[in-house]
Amino acid sequence: MDVSRRRFLGYGGSGLVIGLLTPAVAACGGGSSASTATSGKVQLSLWVQDPGLATDLQRTAAGQTKPFQYHTTTVVQDAQDLITKALATYSAHGQVPDILGVDITLWSKFMTSDLAGAYLLDITPHVASIRDEFYESRWIAYANQGQLYGVESNFPLTPYYKRTDLFEKYNVPEISTWDEFLQVGAATHSKHGVYLGAMGQTNGVDLTWFGLFFQQLGGSFFTESGDFGVDSPEAVQALQLMMDLVKSNSYQLMSNFYGGAGTAALAQGKVIGNYMPSWYESIIVSGNPNQKGKWAITLPPRFSTGGHISGIWGGTGWVVSKGSPKSLAVWDLLYQTRLTLDGQVADFKDSYFLPTMKSAFTDPRITSYADPFLGGQQTIPLYAKIAADSPTQYQSEHWAAMTNALAPEVDKALLGEESATSAIKNAVATYKSNA
Amino acid sequence: MIFAVWLSFHQWAGAGPMQWAGFGNYTQLWHSQQFRTVVWNTCWYVAAAVLVVVPLALLIASALNMRGIRGRDFFRLVFFLPVVLSPVMIALVFTIILDKNYGLLNAALHGLFGMPPIDFLGSPVWAKISVIMLVLWRWTGYLVIYFLAGLRNIPAELYEAAELDGARTLNRFRHITIPMLRPVTAFVVITVLIAVAQIFDEPFILTQGGPANASESLAQFIYNQAFVQQQFGYAAAAGIVLFVVVFVISMMLARIFGVGREVGQ
């Protein structure tokens with residue numbers, strides 16, 4: 001079902017005006033009154049951790065003249081600092097952002113003491129009629145106490161990236177399971193000294209690789225009801241695979257994956273593939289633009305014990321500040337950019353942000369797109385398969401406590417200081433004593 | 001400060017209402033293995049700064065102060081340069097230099113001595129040593145400036161008289177330079193102690209405190225608890241502990257060095 005803007009402004013929009021006015025008026029109980037802008041010039045402040053993420057909102061804003069004419073100012077800051085700053089301004093009733101980009105791993109900050117409910121626009125009623133048209137997992141990622149607050153900016157689906165020229169040169173065969181991957185990886189490294197993948201140490205914060213394997217296996221950091229989910233056989237199996245990948249030299253372990261070492265590994269052709277989310281392509285492009293046409297994506301290896309086609313990691317949800325007279329204008333901009341088919345198509349074509357709308361994966365404007373960096377590969381059919389079986393990342397206000405407990409143990413296991421079983425056991429014990 | 005003390009007796013997420021926690025945050029710190037690890041790491045950094053960086057700075061300053069040294073201003077500039085460099089640039093350069101597989105240092109060690117690669121940033125022991133190396137690199141030149149200023153204020157006739165009495169270089173250094181530099185040394189040691197006890201930049205930019213908290217400092221712990229974990233009360237309690245410890249040690253050092261006492265008292 002196509003969602004027209006007219007329909008939104010007619011139904012959702014009018015409801016939104018009422019919904020927004022109530023808290024706005026309540027918040028201004030001191031006497032000043034704020035009226036919700038329904039048309040005209042609007043100045044919007046947009047806070048985000050990556051300027052690239054803002055380009056789509058800026059494009060929509062620049063191309064729109066009715067009913068709002070937007071002028072946006074963008075504040076770019078580290079993801080962690082951005083949320084800290086936003087919470088401080090919300091708390092102090094300062095100059096809050098009109099639209100805020102929240103990294104998925106930081107959403108838990110808004111779940112604490114239901115800060116989301118206190119400061120952010122509850123979009124549940126406004127997306128009720130279109131909710132089913134999008135992958136539910138991306139709504140859940142920015143929800144709290146059953147209410148939705150965020151609109152996903154990109155669907156970080158995870159393929160396996162490979163250097164086609166080097167795979168051919170080293171005669172690397174097709175790989176369908178992680179067990180095979182271990183064997184092929186070890187053999188390839190022993191013959192040619194190259195790795196089929198790389199992973200970084202967590203350094204206490206980054207659970208990307210554990211998250212990918214764990215969620216591919218069907219594990220979940222937190223259950224739907226918010227219970228801690230790491231105390232599971234899937235967690236041990238995921239960590240054991242990571243250890244085996246490093247030990248067998250199938251993967252190279254790096255202390256600085258996103259820095260010079262990661263770039264050098266790709267530039268020198270030492271790491272010739274990787275199981276990473278869709279945003280990894282921009283990292284390859286920025287560090288090694290000369291490798292254009294040499295990469296391709298495939299479905300990642302599966303676990304022989306079951307699980308999903310692939311894992312998932314990352315994402316940034318756009319949230320709208322509550323109670324502002326500009327909220328309707330902000331919501332309209334967000335709606336046009338990420339909640340319409342045209343918006344999703346434009347996002348993909350302009351910025352390569354994967355759609356979250358189910359029907360977009362069959363839209364010819366997208367399916368026919370040939371990625372020049374990936375040698376003209378039409379990637380959407382592959383991503384569509386992964387999207388259909390994508391895991392849901394349930395959230396909890398204890399996400400940071402989980403990371404704090406788990407990340408050091410993952411590092412210790414990767415350094416060979418602990419077994420996978422004892423690392424998970426220790427992480428669970430630490431989490432339970434801290435959360 | 002008063003707010004921090006007040007906060008340390010509460011649980012607070014940074015926004016919304018505070019909840020009274022009594023001594024709960026302090027009890028939690030006492031039982032926290034991670035807190036013990038970061039305190040121990042910080043002790044290593046402070047010890048390295050006081051026992052290695054300060055003497056090294058004094059030696060370099062003495063060398064630069066010697067008569068007949070050419071290009072003194074150039075060397076002063078070189079030693080001071082790390083202080084004014086951007087931490088982002090330092091992070092970029094040092095992570096490239098120290099990387100296990102692609103780093104320049106390992107390449108040099110392998111090329112010169114055939115050594116296997118050392119995991120400077122990824123091994124728990126080497127990560128701490130790497131942070132100390134960065135502290136050494138960043139702080140030594142800064143302290144050299146203070147010592148140089150102190151050395152310039154030592155009357156030349158003292159050295160001349162000692163020379164006439166037959167005192168050798170080492171004896172002149174021991175019996176004139178060190179005692180005359182006592183006020184400067186006191187200032188430098190206390191300043192370094194206070195600064196390094198709160199060390200944040202070096203482990204943060206080099207290892208992010210990893211692997212497995214092996215190089216995390218107390219200041220980083222406080223930052224993480226406040227801005228990552230959103231446990232502002234707990235972070236405040238750790239901050240108060242840090243303040244008390246640094247204050248007490250600084251006072252002890254001030255007494256040892258006789259800061260504030262008149263000569264002869």
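How many salt bridges are there between chain B and chain A? I looked for a side-chain nitrogen of Lys or Arg within 4 Å of a carboxyl oxygen of Asp or Glu, and the count between the two chains is zero.

Ground rules. I am working on a predicted model, in which local features need pLDDT of at least 70 and side-chain atom pairs count only at pLDDT 80 or more, while totals for chains, interfaces and linings use all residues. Residues are numbered from 1 along each chain as its sequence is written, chains are lettered from A and ligands numbered from 1 in the order in which they are written, and side-chain values use heavy atoms, with hydrogens and water left out.

Entry, interface. I found 27 residues of chain B in contact with 34 residues of chain A (contact: heavy atoms within 4.5 Å). The buried area is about 2,400 Å², with 49% from carbon and sulfur atoms; this is the accessible area (1.4 Å probe) that the two parts lose on being put together, summed over both. I then looked up polar contacts and got 15 residue pairs, both at pLDDT 80 or more. Such a contact is a pair of N or O atoms within 3.5 Å; within protein, one must be able to donate a hydrogen and the other to accept it, and residues adjacent in sequence count only if both atoms are side-chain atoms.

On the side of chain B that touches chain A, α5 (87-98) and α12 (218-228) each supply at least two residues. Helix α12(B) gives the most, with four. I noted the helices as DSSP runs (H or I, at least four residues) and strands likewise (E, at least two), numbered from the N terminus.

Entry, B:Gln208. I placed B:Gln208 in the loop between α11 (201-206) and α12 of chain B. Why does B:Gln208 count as partly exposed? Because its relative accessibility is 35%; buried means under 20% relative accessible area, exposed over 50%, partly exposed in between (1.4 Å probe, protein chains only). Beyond its neighbours within four places in sequence, B:Gln208 is in contact with A:Asn203, B:Pro203 and B:Gln220. B:Gln220 is twelve residues away in sequence, and the C-alpha distance is 8.6 Å.

Entry, chain B overall. I counted 13 helices and two strands in chain B. Of its 265 residues, 45% are buried. The C-alpha atoms fill a box of roughly 70 × 60 × 25 Å, taken along the principal axes.
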